[in-house]
Amino acid sequence: MADSNSPTRLVIIGGGPGGYPAAFHAADLGMDVTLVDLEKNPGGVCLYRGCIPSKALLHAARVMREAEEAAHFGISFGKPKIDLDKLRAWKASVVESLTGGLGQMRSIRKVKHEYGRARFLSPTRIAVDAGEGDPKEIDFDYAIIATGSRPVQLPMFDYSSDRVLDSTSGLDLPDIPKRMLVVGGGYIGLELGTVYAALGSKVTVVEMLPHLLPGADRNLVTFVQKRLESTFENILLNTKVVESKTLKNSVKVTFEDKDGKKSDDTFDRVLVAVGRRPNSEDLGLENTAVNVIERGFIEVDEQRRTAEPTIFCIGDVAGEPQLAHKATHEGVVAVEAIAGKKTVFAPHAIPAVVFTDPEIAWCGLTEEEAKQKEIEVKVSKFPWAASGRAKTLERPDGLTKIVADPESGRVLGVGITGVGAGDMIAEGVLAIEMGATVEDLKLTIHPHPTLSETVMEAAEVYFGSSPHFYQKSRG
Ligand code: FAD
Ligand code: NAD
């Protein structure tokens, strides 16, 4: 330990949305912070190979789709010309400007940067291997593991072939394949599938479970599925890939449906997106008391402290949900715990957003979860077909849904699908965190004409009908 007058020496391994906000907060609290990462600037998967590049491409996809659909109200632009080099360069410039900005934030805050792969030598020392010369050893009072996750690979695919993509190579946009298979109907499969379909690929999605986005509310998924059915070539549910063979210019895939019936098809490229595995190996954890639990996650308590008192852990490697904003909040909790503040990570709701078209967003309890856990709830729904704003956008394909405690009227969950649902869900999160009731949402004046009014109207429907939605049976 350093003497009691010197600042706490904190080492953070991993510069993603868990690690870099933790490093910056710790520096703001006066700690001596070293951030170890394998990139020049902070950002992690989210900025370099995840949230940001995918949302840039989804924006491009949406612009194309909106331009095409403007023909419905008399404005035609003609067929888009896609300059893939320019699109890639623009996406890279977005990433560069954000990660460059974080590099500056790091310097301003005097957070030390160590480039290389970190390993624990003991509960108070790491070695950082930059790939040249001897690894550098660094002593610390506390460390935070924020090493994130990487794509799960399926054994039947040959990943040495450039025909088989994961989310990282998929975001590089190697080309616009004529026919593309997306394995996994989860977040990444549907977001990147949407991008490739907009660029002109004929996309097939194969999902082994009976539904797309298995964790999301079924009512909400219906809207997205309907639209995807019109943009994707095929959506295969209850179906697994059992075999694949890489040919010269394609990949031959064998599917098996729930009745065991097999069929073959051939695709120009295959994108595999079947989940992400925590990066908890090769960290030298055997030199510490840190405990790795099922599926490779690191065990943490409510302050994000591991079984080793000097070592904390946050983000994707610390458990689900594997979302950037959850990592960031855990980082702040861990740093405050290290600073001796009273703190726990105990959110009432963590929002989830799938940036498909339309978007799906939810927070708190879903109707399905309530059923599974036998929690009595009252649910109200407001269809966007009755929203003036949705009509002006020509996007009535949406729904706002409130799940509440029938006794107290307390909001337990909110689900929204529709354009911009991801931005709107913050109101639901705030309602849950503040212990708001459905009546509070009903009595809150929302601006007109906006999509946010659908939250207020769903609250009105909870008590009977809203001005724009009449339902006969009340209660
Ligand atoms: P990461 O961001 O994974 O960062 C970990 C860092 O640690 C990396 O820089 C890595 O190089 C470094 N590292 C690993 N091991 C070592 C080591 N031994 N030594 C030194 N450094 C090491 N989430 C959302 O909330 N919204 C989205 O829209 C979204 N979109 C996504 C899209 C895609 C395509 C993908 C793949 C993910 C997306 N996610 C999204 C998930 C999000 O990226 C993760 O939840 C988030 O990045 C986790 O942050 P983290 O800090 O735990 O780790
Ligand atoms: P996911 O867990 O979201 O979806 C994987 C899907 O693949 C599931 O539906 C699963 O049933 C299916 N699957 C698994 N094995 C299969 C198989 N052999 N054949 C067919 N289907 C199979 O995983 P993901 O899409 O890889 O994304 C990983 C994580 O990254 C997400 O869970 C999320 O936490 C994060 N992420 C978030 C966002 C966002 O916030 N918008 C975007 C992308 C990724």
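Biologist: Let's start with a glutamate: is E114 buried or exposed?

Modeller: Bear in mind that this is a predicted model, where local features need pLDDT of at least 70, side-chain atom pairs count only at pLDDT 80 or more, and totals for chains, interfaces and linings use all residues. As for bookkeeping, residues are numbered from 1 along each chain as its sequence is written, chains are lettered from A and ligands numbered from 1 in the order in which they are written, and side-chain values use heavy atoms, leaving out hydrogens and water. Buried means under 20% relative accessible area, exposed over 50% and partly exposed in between, with a 1.4 Å probe and protein chains only. E114 has a relative accessible area of 17%, so it counts as buried.

Biologist: Which residues is E114 in contact with, beyond its neighbours within four places in sequence?

Modeller: E114 sits in strand β3, residues 112-115 (strands are DSSP E runs of at least two residues, helices H or I runs of at least four, numbered from the N terminus). Contact means heavy atoms within 4.5 Å. With the neighbours within four places set aside, the contacts of E114 are T34, L35, V36, D37, V128, K136 and I138.

Biologist: On to the salt bridges: which residue pairs with D32?

Modeller: The whole structure has 27 salt bridges, each a side-chain nitrogen of Lys or Arg within 4 Å of a carboxyl oxygen of Asp or Glu. In the one made by D32, the closest N and O atoms are 2.7 Å apart. The partner of D32 is K112.

Biologist: And how many residues apart are D32 and K112?

Modeller: The bridge ties strand β2, which holds D32, to strand β3, which holds K112. D32 is partly exposed at 24% relative accessible area, and K112 is also partly exposed, at 41%.

Biologist: Now ligand 1: how much of its area does the protein bury?

Modeller: There are 37 residues around ligand 1, and G18, D37, K55, D316 and A324 come nearest; a residue counts if one of its heavy atoms lies within 4 Å. Oxygen atoms of ligand 1 lie 2.8 Å from a polar backbone atom of G18 and 3.4 Å from a polar side-chain atom of H325, where a polar contact is a pair of N or O atoms within 3.5 Å. Accessible areas come from the Shrake-Rupley method with a 1.4 Å probe. Ligand 1 exposes 1,000 Å² when taken alone, and the buried share is 93%.

Biologist: Which element gives the most residues to the shell around ligand 1?

Modeller: Elements that give two or more residues are β2 (32-37), α2 (44-49), α3 (51-69), β4 (117-122) and α8 (324-338). By class, the shell has 15 nonpolar, 16 polar and six charged residues. With four residues, the top contributor is α2.

Biologist: What share of ligand 2 does the protein bury?

Modeller: Ligand 2 is surrounded by 22 residues, the closest being I188, E191, E207, Q322 and V353. A nitrogen atom of ligand 2 is 2.8 Å from an N or O atom in the side chain of E191, while a polar side-chain atom of E207 lies 2.6 Å from an oxygen atom of ligand 2. Taken alone, ligand 2 exposes 840 Å², and the protein buries 82%.

Biologist: Last one: which residues does E330 touch, not counting those up to four places away in sequence?

Modeller: E330 has its place in helix α8. At a relative accessible area of 0%, E330 is buried. Its partners, on that count, are R304, I314, G315, A318 and F345.

Methods
A polar contact is a pair of N or O atoms within 3.5 Å; within protein, one must be able to donate a hydrogen and the other to accept it, and residues adjacent in sequence count only if both atoms are side-chain atoms. Ala, Val, Leu, Ile, Met, Phe, Trp, Tyr, Cys and Pro count as nonpolar, Asp, Glu, Lys and Arg as charged, and the others, Gly among them, as polar.
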